[in-house]
Amino acid sequence: VTVATDIDRFYAESADAYDELWAPVMARLSAPLFDALPLEGARRVLDVGAGTGMAAAPISRRAPGAEIIGVDRLGSMLCRVPPMMRPAIMDATALGLRPGTFDVAFSSFVLFFVADPIAALGEMRRVVVPGGAIGFTSWGDEPDYPALSVWIEELADAGAPRAPALRHDLLNSVEKVDVALVASDLRPRRVWARNVEIQTDPSDFLRRMLAFGGRRRLAALSSEARTRCLRRVQQRICELEPDAFCDRSEVIYAIAQRPVG
Ligand SMILES: C[S@@+](CC[C@H](N)C(=O)[O-])C[C@H]1O[C@@H](n2cnc3c(N)ncnc32)[C@H](O)[C@@H]1O
């Protein structure tokens, strides 16, 4: 089983839940990237790993009249993109797009899934015009928070198999991103990190955990063990304070430029 196949299965099973639970969060966390990209006056913009198209509305607001193309490996995600984005099924490391035809190419919360992120950045570099802009977001430090610790402990106590690691750690710090940009023959313009807050409550937290990865881990247990585990999680998280449901992960933002000439 390749890493790409695991990611495809993960998102194919969860496209509806992703659109409802994560796309709005991704739009909020991606806003600083969109604000920093030179979108004003852009005529063609590319979203790599567009998912369900969360970027379509914010990009069309910042680049009115621009043609927005959204590519992703999965049709099950792309079938939800809004009409202002043109979807196309493509892999980030092999874009079927002509060179030098976009003013801006960006990718939000995708490149840590791509086994060869330098190849994906190379493709983004190839399809933008000389001097064109490239931007992406990535996860940095992801500290545990109390509700997540309960979930992890109870699944481990119940004997649920570990989830496969879907992400690599090649882009999870400002320093690594700088190195990756230079290795991709891009000029880093601004790379920065910001701690964000993703607040959930007991029911929202459980829905997220079950929709993304947890369902498969629990499915490996007997139905008694599963019921017992979920009951324990529910009991324990209901006793937690609201702050125990706040995920304060770090997001890395990167803006770079394709060199002219
Ligand atoms: C966390 S979602 C992000 C979606 C969207 N950018 C957003 O922020 O809502 C990750 C997306 O990356 C896509 N993806 C993963 N690996 C990919 C690859 N090698 N090429 C293209 N898309 C890929 C997945 O199918 C999924 O839609």
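Predicted model: local features only at pLDDT ≥ 70, side-chain atom pairs only at ≥ 80, totals over all residues.
1. Phe 10, Glu 13, Ser 14, Ala 17, Leu 210, Ala 211, Gly 213, Arg 215 and Arg 216 form its lining.

2. Two helices, H1 (3-36) and H7 (202-219), each contribute at least two residues to the lining of the second largest pocket. The greatest contribution comes from H7, which provides five residues. A reader may locate this part of the lining through residues including Leu 210 and Arg 216.

3. In terms of residue class, the lining of the second largest pocket comprises four nonpolar, two polar and three charged residues. Gly 213, one of the lining residues, belongs to the polar class under the convention applied here.

4. Strand S1 spans residues 44-48 and is mostly covered, with four of its five residues buried. Buried here denotes under 20% relative accessible area.

5. S1 runs parallel to strand S2 (residues 67-72), and five bridges join the two. Within this pairing, Val 45 lies opposite Ile 68 of S2. Together with helix H2 (residues 56-62), S1 and S2 make up a right-handed β-α-β unit.

6. S1 also pairs with strand S4 (residues 102-108); these strands are parallel and are joined by three bridges. Here Leu 46 stands opposite Ala 105 of S4.

7. With which strands is S1 joined by bridges? S1 is bridged to S2 and to S4.

Definitions and conventions:
Residues numbered from 1 in each chain as written. Heavy atoms only, no water. 1 Å grid on protein atoms, 1.4 Å probe; cavity = no way out; pocket = protein on both sides within 12 Å on 5 of 7 lines; lining within 4 Å. Buried < 20%, exposed > 50% of the residue type's maximum accessible area, 1.4 Å probe, protein only. Pairing = 2+ DSSP bridges. Right-handed = clockwise from strand over helix to strand, strands pointing away.
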